[in-house]
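Please find below a short note in numbered points, to be read alongside the sequence and the model.

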Amino acid sequence: MLNINQLKNLLFIFVSILLLSSCSASKARREKTLFNSPSDYVTDTIKRVYVVNDQGLGDIYYKIKVNDLIAVKNKQNKEFLANISNTVNTAETNVVTYPVENDGTVNLPAVGKVVIAGLTRKEATAKLQQILEKDQLSKPIIEVTIVNVKVTLLGEFNTQGNFLLERDNTSLVEIIGQAGGIKTETADPKTLKIIRGDRSNPEIIYVNLNDINSLASKKLILQNNDIIVIQSTKNLAVTQKLQNFNNVIQPLLVIINLGVLIFSFTR
């Protein structure tokens, strides 16, 4: 038979577990939040765009580097320049790629080695067109893509993952569009941030998507290896926390009710 002291002990255990579950739910919420920064407090008051550790505009036009992967297409003859084994999936499937070697050259079939390291996409395109026009083709139409230049979308987007920057001056809105937009029911449009540059001391760009004037900022022209994160709404966080709390408390209530019932019948 349960006496009053045993019932008190049972209640004490119940309260202790309850407190621990509350701490666990709070910890789980913090862990779920992506890439926390001490400056994230600004998301509650940000009007348009706010930059922490501003690194300037940087190179808007990406310059080709050693180990980049280059896709080269001749729009007049799709078979030309297409006899190499490396392939990668972009917006088009099975795009043929060519690595930029340590000496800054790319080795193209029917062309040979061409130095392109340090050139922008546009400059590399013009150089290849000039070579091909001089040696083999009449007014070739060449398209150069750097297939490893990408950004990463995480959080409350309809599609998460890596997205290639297939064109220069790709904007934040264009990439969000490729991802199918944000989850309107769960995403907080004031919490979008872009993490850019040195990962040990990154530039952080906060964007309020509620204000259309935010889109005019040149900071929203995306750069290679940008990480774009958008968090869930506070209401969703509270709902999830309450759900986690409810999942813990329901079994405990059953145990307490059973204990009280046993105590009542055995007094």
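1. Tyr50 counts as partly exposed because its relative accessibility is 38%, whereas Tyr206 is buried, with a relative accessible area of 0%. Buried means under 20% relative accessible area, exposed over 50%, and partly exposed in between (1.4 Å probe, protein chains only).

2. This is a predicted model, in which local features need pLDDT of at least 70 and side-chain atom pairs count only at pLDDT 80 or more, while totals for chains, interfaces and linings use all residues. Residues are numbered from 1 along each chain as its sequence is written, and side-chain values use heavy atoms, with hydrogens and water left out.

3. The ring centres of Tyr50 and Tyr206 lie 6.4 Å apart with their planes at 40°, so the pair is tilted. Tyr50 belongs to strand β1 (residues 49–52) and Tyr206 to strand β12 (residues 203–207), so that the pair links parts of the chain 156 residues apart. Strands are DSSP runs of E, at least two residues, numbered from the N terminus.

4. Strands β6 (residues 105–108) and β7 (residues 112–115) run antiparallel and are joined by four bridges; pairing requires at least two DSSP bridges. Val106 has Val114 in β7 as its bridge partner. Three residues separate the strands of this hairpin, and Ala110 in the turn has a positive phi of about 70°.

Note on methods. Phe/Tyr/Trp six-rings, centres within 6.5 Å; stacked < 30°, edge-to-face > 60°.
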